[in-house]
Amino acid sequence: MAGLLAILVGVLFGAGVYLLLRRSLIRLIFGLALISHAVNLLVFTTGGLVRGNPPLVPPEAQVPPAGHADPIPQALVLTAIVIGFGLLAFTCVLVKQVVKTLGTDDTDSMRANEE
Amino acid sequence: MLWTILLLFGLAAAAPLVAKFAKGASGWLLAAGPAAILFAYLAQLPILPGESRSEVWEWVPGLGVELRFVLDGLSATFTLLITGIGALVLVYAGGYMAGKAKLGQLLSYLLLFLGSMLGLVLSDNTIALFVFWELTSISSYLLIGLDHERESVRSAALKALLVTGGGGLLLLGGFVLLGIAAGDLGLKGADAFSISALADLDLSAHGLYPAIMVLVAIGAFTKSAQAPFHFWLPQAMAAPTPVSALLHSATMVKAGIFLLARLHPALGGTDLWTALLVPVGAVTMLGAAITALGQRDKKRILAYSTVSVLGILVTLLGAGTVVAIEAAVVLLVAHAFYKAALFMVAGNVDHGAGTRDVTLLSGLRKAMPFTFAAGAVAALSMAGAPPMFGFVGKELFYGKLVTAEARSTLLILVAVATNVALVAAALLVALRPFVGSSAGVAKNAHEVSAPMLVGPLILAAAGLFVGLFPDVFDATLGSAMATAIAGQRVDMHLALWHGLNPTALGVMGLSAATLVLGAMVYHRTRRLLAPLAEALSRLRAIGPETWYEKGLAGLVTGSDRVTRGIQTGYLRHYVLAVVVAAVVLAAPPLLRSLPGAAPLFPEAPRPHEALLVAVAAASAVAAMVLRSRTAAIAALGATGAVIAMLFLLFSAPDLSITQIMVETLSVILLVLVLSRLPRLVTRSSRSRRIADLAVATLAGGTMALLAIAATTVSLDPEAARFFAAASYTEAQGRNVVNVVLVDFRALDTMGEIFVVAAAGFGIHALLRLAPETGGAA
Amino acid sequence: MNAMNLPLMLPEIALVVLGIVVLLADLVLPKEKRHLLGWWVAAAFSAIVVYLFVRPAAGEPEYAAFGLYRLDGFAIFMKKVFGLAGVLVAVMSVDWVKRHGRAAGEFFTIVVFAMTGMFLVASVNDLMSMFVSLELVTLSFFILAAFRVADRISGEAGIKYIIVGALAAAFMLFGTAFIYGATGQIRFDAVRGAIERLAEPAYPTLLFGAVTLLVGLGFKVASVPFHVWVPDVYQGAPTPVTAFLSVGSKAAGFVLIVRMLTLVFGEALSNELTPLLALTAALTLFYGNLAAIPQTNIKRLMGYSSIGHAGYLLLGVVAIVAMQRGGHSYGSGVSAIIFYLFAYVFTNMAVFLGIVAFSATAGRKHAIDDYAGLGKRSPFLALTLTVALLSLAGVPPLAGFFGKFYLISSVVEASAVAGNGWLLVLAAIGAVNVVVSMYYYLCVVKRIYMREPPENASPILLGAPVRVALMACMALVVIIGIFQGPFVKMATAVLATIR
């Protein structure tokens with residue numbers, strides 16, 4: 001199963017890269033979102049996959065049941081999801097404002113320094 | 001000795017103020033500094049052969065760089081020349097630039113230059129020497145560029161700096177290697193950079209010796225204007241006359257000679273040393289002497305003759321025998337006297353008659369008698385006529401060539417030809433303007449003010465005095481200087497008259513022939529000038545100067561082209577660069593991991609899981625290709641939702657919940673923001689899209705392979721065990737992930753909150769700063 | 001290690017409080033006085049720096065936040081540098097915000113946030129915390145760079161910065177994931193321990209973890225080919241923000257590279273990373289310095305020059321990695337980087353202070369030609385700019401010269417220690433680039449002193465704070481160069497706390 005998820009990571013990342021190579025600012029945002037999914041999934045997968053045994057301490061027990069999932073990648077992904085969201089939200093608004101200034105969402109017209 | 005350098009730097013800082021208040025007298029006032037230093041060092045005389053006095057100050061302890069100053073015959077001679085001529089030049093500058101706004105600047109730069117030069121010759125530490133070396137380059141850049149209204153002056157200044165500064169860096173490279181070699185041979189810490197300690201080592205046997213030698217020689221050649229690096233010097237003639245005098249007489253260009261002399265005991269005496277120095281010196285001395293005759297500007301004639309004399313000095317040091325070193329010592333001192341005097345004379349003529357063109361000048365002897373006198377005496381020394389010090393030097397030079405073990409007829413011919421040309425040049429600058437009809441420019445000419453006469457008169461007289469009593473020089477300083485250069489005891493016995501023996505007669509014959517031939521060439525110069533100048537300009541078109549200019553222009557246009565090619569301004573090119581580079585960097589470890597990779601599917605994936613993965617991939621691809629904004633956003637949301645389900649399946653309920661929430665928020669945000677933006681259109685060409693798809697496939701494929709390799713590593717979940725064990729027992733939490741986040745990884749959680757807060761404030765600011773709306777949006 | 005140990009994080013806590021205070025003050029203060037918040041920020045940063053100077057020096061490293069936070073001499077030193085640079089940035093921002101900014105409160109809050117992130121960067125001891133604190137810094141800079149969004153060039157800079165930056169951040173997280181995948185650990189010291197007993201199959205994963213992490217850090221320090229954002233962002237971002245980048249991105253990135261190499265990877269990856277980093281250093285040196293030559297805009301020129309300086313600093317990194325092989329002492333590389341960073345940050349600040357002061361009077365003119373005749377319009381500004389530029393060019397005896405000298409010698413030493421002749425070539429490339437860089441810096445100096453000012457050009461007026469700040473920077477540049485003893489001792493003392 002890990003292999004399948006690894007392939008999904010590749011697909012998400014590839015699709016994200018393709019979108020980042022487009023000229024439309026809107027597609028760039030989509031690209032960022034897909035890449036952030038790819039990263040989260042990879043972090044999650046590297047901890048090893050466990051079915052149906054979350055790292056929870058059952059009542060009356062001191063430690064989680066044996067064979068539970070690794071809590072560390074989960075904690076990392078939680079952090080990454082939130083940070084990714086902050087970045088995405090800011091980028092959205094910046095794109096909106098830049099489009100307003102430029103009158104287009106074509107990144108090829110964003111060459112004020114070269115003109 | 002440190003105080004003398006600091007005093008000069010201090011005066012340099014004060015000079016603009018002094019010039020503001022003392023005006024015309026500021027040259028005299030400031031000259032008191034170097035004059036005082038001159039007398040302080042004079043009081044140290046005589047310096048005996050082999051004697052050296054040193055002084056040490058800690059500077060860069062980490063690197064073993066210290067300010068170690070040494071006063072021996074070599075540095076003492078230079079010190080006296082620098083401070084003596086420096087003082088006279090300051091006085092002269094005060095008169096030359098009297099009433100001009102830039103006087104303060106000029107005096108300040110001159111003092112800065114003097115201080116750097118003094119530091120250079122006194123330093124015994126290679127790194128400290130290099131620092132002063134570069135300081136002289138910088139201050140001469142400022143001096144040359146003083147008259148910066150003209151473009152030619154600015155480019156000349158830059159050229160001087162790039163050539164000498166660049167050579168200086170090669171020199172530094174040589175010094176670093178020298179330090180390494182010295183370390184190998186047992187010198188530790190600061191001693192590895194101490195020149196006097198180096199002299200005792202057998203460096204020529206070390207593997208780095210050739211590299212050191214080449215780097216040091218190039219450093220010296222650039223500074224001392226040896227072919228093919230000579231071209232910056234005549235260009236630097238644009239500088240005001242006091243600067244030319246300083247640059248040429250005792251100082252800047254002699255720094256290279258000084259360096260070779262200083263390092264001769266440590267690096268000299270090898271075949272490589274001679275093979276590097278003698279040919280370069282010989283080519284330079286003859287080429288420059290002939291070039292001098294093709295010039296009209298007095299200052300340019302003097303400049304080229306200087307290059308020629310420097311070539312002679314390099315040749316002599318390259319030969320490295322005792323006689324050669326004695327000749328070098330005498331020529332160096334004689335040249336300092338007469339060349340400084342002649343540059344000041346040239347300045348006086350320019351000042352008094354309004355031109356420096358030798359074809360226009362004539363008959364100035366009545367209008368400018370003192371200048372004429374000084375010029376005539378100095379020119380005698382330059383021509384090597386008795387009883388001047390220059391004569392003593394030339395005799396020694398010829399003597400060395402005639403008595404050399406491997407006597408080279410070619411070298412003798414070159415030397416004689418050079419000296420013939422120098423005689424003609426001397427007559428051209430010091431005789432031609434003063435004799436003949438006084439009908440032309442001489443009518444309105446006038447003698448210059450006292451400050452501008454003091455220098456040339458004193459210097460010309462000094463040359464005459466040392467020529468008449470050469471034994472005074474060798475007793476107080478000369479022998480010590482030759483000893484310091486030779487690295488063995490040398491007792492010089494200088495004389496005008498060497499008695500009657502075959503060698504002396506042969507040398508005298510050469511001297512006489514040189515003078516006669518020189519006078520004959522001088523009489524033909526009027527006819528020679530035009531064809532010579534023509535030939536020279538043709539030569540210049542293929543010479544090193546043209547290479548320098550083409551190289552510089554090529555550097556600028558070439559780098560412009562490369563930069564435009566890489567830094568296109570297209571964001572997609574930037575993304576492409578980063579992705580491709582990352583893939584390339586990841587490739588080597590990836591290839592290495594492939595052979596050992598475990599089977600991709602140790603267990604068959606369960607159907608519902610495989611289906612979820614397929615849906616996620618399909619919706620990602622949909623988000624990639626869909627042309628409707630809303631549909632693409634929906635596909636994006638679907639991807640996120642499926643990933644949330646995968647999280648749930650694989651024991652991460654918290655993640656799943658967070659992912660769903662964030663995904664929902666994202667979709668809402670995207671819909672809100674993007675609905676106001678233009679519709680999606682396809683802008684790239686089909687071939688562009690295919691190429692991008694290829695790159696994306698490559699990147700995605702690499703990432704997938706890396707991920708597969710990573711997931712096949714079996715982990716020892718040591719850290720995970722710790723958290724699981726501590727979660728309830730220490731933090732009273734039953735959800736381990738939560739405990740990890742709020743307790744053990746609270747720092748991250750805090751950081752994460754700040755990131756989101758920063759994004760929030762950023763969004764707020766962006767909306768407030770919106771282009772049209774102005775206020776809050 | 002297993003404790004929260006909050007008192008250790010006092011400077012960071014103070015910064016958090018400061019951020020909140022600035023935000024609240026923004027609500028209370030009348031609009032025309034909000035730019036004065038810059039002085040509050042400057043004062044607070046100064047107080048924190050003073051605290052760092054008077055607090056007892058760290059002997060052994062101390063830990064907080066359950067080992068995620070490490071306070072050692074290096075961390076304290078870098079925090080002092082960050083704090084002082086922050087004071088200078090605040091000083092130059094006040095005027096800028098007054099003239100351009102409507103959102104003064106947000107501007108200074110984000111500056112404080114960025115500083116919080118930088119302080120954390122200096123102290124992190126964990127891969128994920130590293131990512132989070134670096135993201136805090138980077139996101140703050142995204143916002144600051146795009147702060148004049150209504151202005152085309154600033155908005156574009158923001159977009160380009162974010163897209164490339166987000167990609168780099170993704171790579172950092174990939175790297176973190178791979179390293180966790182290879183070692184099962186995430187705290188620096190624990191990763192190091194795991195690497196020492198690493199099984200062979202996990203080695204490639206570790207290696208590409210390290211490489212992808214370095215890609216992410218390469219973006220921060222602007223090493224080729226991850227430098228692509230630099231010219232546009234340097235030119236387009238508000239000038240005080242551009243100045244801030246030299247510490248917030250470059251210095252922070254190098255701090256983390258040094259941390260990674262010394263605390264995490266150690267000897268394990270030396271063989272693979274040495275050629276990789278050496279190639280990067282050479283490319284970065286050549287590209288930054290050659291591309292700077294044809295520039296006509298001073299901010300863009302400084303952008304390329306900053307790439308060149310990343311190249312020099314990478315020389316020190318190469319020296320560290322190369323000397324780690326065989327367990328040799330790599331101290332000279334680290335202390336060279338420390339010395340150079342210190343000198344570079346304040347020299348760069350001086351240049352940007354000058355640019356801000358110039359454009360305050362002369363209008364938003366950033367063409368190098370606009371600086372013609374500055375020597376006449378403001379002798380003081382001309383002198384400070386010249387000294388700073390010469391130091392950047394590596395002219396002795398200024399600080400920049402010794403910085404370059406230490407870096408190049410560390411590579412030479414590494415070549416001898418590791419028996420790697422290619423490193424001598426790299427050292428020579430470093431030296432050649434000093435000559436190349438001299439050309440473009442001198443072209444600016446040439447314009448300052450050797451050209452006439454435009455007709456009816458007014459004298460450039462400097463406010464007292466800017467004047468003091470410029471003087472302090474210049475004094476540092478000259479004093480570090482001439483009186484080396486204390487600074488070398490300082491670098492050595494810092495070095496001792498790193499291992």
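The structure is a predicted model. In chain B, helices α12 and α13 pack with their axes 7 Å apart. Elsewhere, chain B touches chain A through 90 of its residues, which meet 84 residues of chain A.

**The packing of α12 and α13 in chain B**

- Two packed helices are described by the angle between their axes and by the distance between those axes.
- Helix α12 of chain B covers residues 271-293, and helix α13 of chain B covers residues 298-319.
- The angle at which these two helices of chain B pack is about 160°.
- Because angles over 145 degrees count as roughly antiparallel, α12(B) is roughly antiparallel to α13(B).
- The crossing of α12(B) and α13(B) is left-handed.
- Their contact comprises 17 nonpolar and 9 polar residues, with no charged residues.

**The interface between chains B and A**

- Contact between the chains involves 90 residues of chain B and 84 residues of chain A.
- On the chain B side, the elements that give two or more residues include α22 (571-593), α25 (653-674), α26 (686-711) and α29 (746-768).
- The largest share of this side, 14 residues, comes from α26(B).
- By class, the chain B side holds 63 nonpolar, 16 polar and 11 charged residues.

**The domains of chain B**

- The domain assignment places residues 269-567 of chain B in domain 1.
- Domain 2 of chain B is given as 573-597 + 690-714, and domain 3 of chain B as 601-681.
- The centres of domain 2 and domain 3 of chain B, taken over C-alpha atoms, are separated by 23 Å.

How values were computed. Residues numbered from 1 in each chain as written. Chains lettered and ligands numbered in written order. Predicted model: local features only at pLDDT ≥ 70, side-chain atom pairs only at ≥ 80, totals over all residues. Axes fitted to C-alpha atoms, helices over the stretch in contact; angles between N-to-C directions. Helix = DSSP H or I, 4+ residues; strand = E, 2+ residues; numbered from the N terminus. Parallel < 35°, antiparallel > 145°, perpendicular 65-115°, else oblique. Left-handed = near helix turned anticlockwise from the far one by under 90°. Nonpolar A, V, L, I, M, F, W, Y, C, P; charged D, E, K, R; others polar. Contact = placed C-beta atoms within 7 Å. Domains from an automatic or database assignment.
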